[in-house]
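I opened the file to look up sheets, cavities and ring contacts. My entries follow in the order I made them.

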Amino acid sequence: MTAVVALGGNALMRPGERGTAAEQLANLRRAVAALEPLLDDDGLVITHGNGPQVGNELIRQERAADEAPPLPLWLAVAQTQAEIGALIAAELRPAVDRDVACVLTHVRVAPDDPAFDRPTKPIGPFYSSAQAEQLQRERGWTMNEDANRGYRRVVPSPEPLDVIELPAVRSLVAAGAIVIACGGGGIPVVRRGGRLTGIDAVIDKDRASALLARGLGSDRLVILTEVPALYADFGTPDQREVRELSTHDAEHLLPSLAEGSMRPKVAAGVAFGRETLITNFEALGDALAGRAGTRIVGGVTGA
C-alpha cells in the first residue's frame, strides 16, 4: 500500500498556541504516534500545510524591515517548508527504522491563473474585526472571516500543475525512504522561457497533495484535519457524519462547502480520483478500519 498523508495545521499548532518550536515538536510527537498504522506502508509520503507559519514569517519580516530586507512571499514559503520539514523529520526518525528525507519542493502554476486576482488562502494568525479593518487599511492586506474564529489575511492560491521534484520523490520512495514533500503546497513557480521563477502565492496543500499522489501512482490519499469527518447539514440539529462519497457525488457537493475549510479537501479527493480518507488524528485508526472518517471513492454512487 502506498499513501500520501497530508497533515493539517493542527498537527503543528493548537488553538491558543503561539507556535514556538517546542509547541510544534510536542504536537508533532502526538501526530507521529497517531500515524503509527501508516508508518510501515511500502511507500509513504508526508505533506503539510504552513498557513500559520508563513503568516508569522511575513510578520517577522515586516517588523525587522528596517534592519533586514524583507523577502518575497514565495521565499517565505520555501523557508517555512524547510522549517516544518525539519521539525517533522526530528519527530519521525526515532519512530521508524528507515530513512526519512525532506525534499524542498517546487510546484508549477500558471501565471495567468484567475486566483491571482481573487485571494482566498488564509495565512497567519486570527484577528478581531477591528484589527482586520486596521490591517486592511494600513497594510493593504485582503482580510476574510475564517471558520467563525476571526479574520485572517488571504493571499492568492493558484491551481498546482506540476510537482517539479516528482522524479526525485519517486526515487526516494522506491529506495524505501519516508519522504516529506510539497510542504505548504510547494514553492510556487512559473515557467518563463527556459527557467522557473518564483511567484507570490500559497498553493493549497491538499490540492498539491492530490497532484503528488496522482504522479506517484499512490493507492490512497489521507487528509488529516481538525474534524473527524465531513458533515452533512453542518451546524444544524441534523448534523451528521458523511461516511462515504463517490467522486461524482463529492464533486456535486463542492459548491456547498466552505472555500477556506472543507472544500479544498473534498476537491483534492475528487482530483485524486482514487481512495481518499478525510479525518483527524484522534479518529485515524477507526477511519482506516472503516468505522470513522469520510471516504471518497471513484465512480458514481450505485454504479
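Which element gives the most to the lining of the largest cavity? I found that strand 5 does, with four residues. I note at the outset that this is a predicted model.

**Cavity**

I searched for cavities of 30 Å³ or more and the count came to one. I listed the lining residues as Gly55, Leu58, Ile59, Ile123, Gly124, Pro125, Tyr127, Trp141 and Arg153. I then checked which elements give two or more residues to this lining, and these are helix 2 (51-63) and strand 5 (121-127). I sorted the lining by class and got six nonpolar, two polar and one charged residues.

**Sheet with strand 5**

I found an open sheet of three strands in the order 5-7-6, with antiparallel pairing. I marked strand 5 and strand 6 (142-145) as the edges; each has a single partner strand, so one side of each has no neighbour in the sheet. I took the angle between neighbouring strands here, direction ignored, and the average is 40 degrees.

I looked at the pairing of strand 5 with strand 7 (residues 151-155), which is antiparallel and runs over four bridges. I picked out Tyr127, whose bridge partner in strand 7 is Tyr151. Tyr127 is also one of the residues that line the largest cavity.

I traced another open sheet, made of eight strands in the order 3-9-2-1-12-16-17-15, and its pairing is mixed.

I checked strand 1 (residues 2-7) against strand 2 (residues 43-48) and found parallel pairing over six bridges. I noted that Ala6 stands opposite Thr47 of strand 2.

**Rings**

How many aromatic pairs does a search of the whole structure find? I got zero. I then looked for charges over rings and noted Arg152, which lies over the face of Phe126. I have the distance to the ring centre as 5.0 Å, and the cut-off for this contact is 6 Å.

Technical notes: Residues are numbered from 1 along each chain as its sequence is written. This is a predicted model: local features need pLDDT of at least 70, side-chain atom pairs count only at pLDDT 80 or more; totals for chains, interfaces and linings use all residues. Side-chain values use heavy atoms; hydrogens and water are left out. Rings of Phe, Tyr and Trp (its six-membered ring) pair if their centres lie within 6.5 Å; planes under 30 degrees apart count as stacked, over 60 as edge-to-face and the rest as tilted. A charge sits over a ring if NZ of Lys or CZ of Arg is within 6 Å of the ring centre and within 35 degrees of the ring normal. On a 1 Å grid over the protein atoms alone, a cavity is a set of points where a 1.4 Å probe fits but cannot get out, and a pocket is an open set with protein on both sides within 12 Å along at least five of seven lines; lining residues have an atom within 4 Å of a point. Grid points are joined across faces, edges and corners, and a volume is the space filled by probe spheres set on the points. Ala, Val, Leu, Ile, Met, Phe, Trp, Tyr, Cys and Pro count as nonpolar, Asp, Glu, Lys and Arg as charged, and the others, Gly among them, as polar. Two strands pair if DSSP finds at least two bridges between them. Axes are lines fitted to C-alpha atoms, for helices over the stretch in contact, and angles run from 0 to 180 degrees between N-to-C directions.
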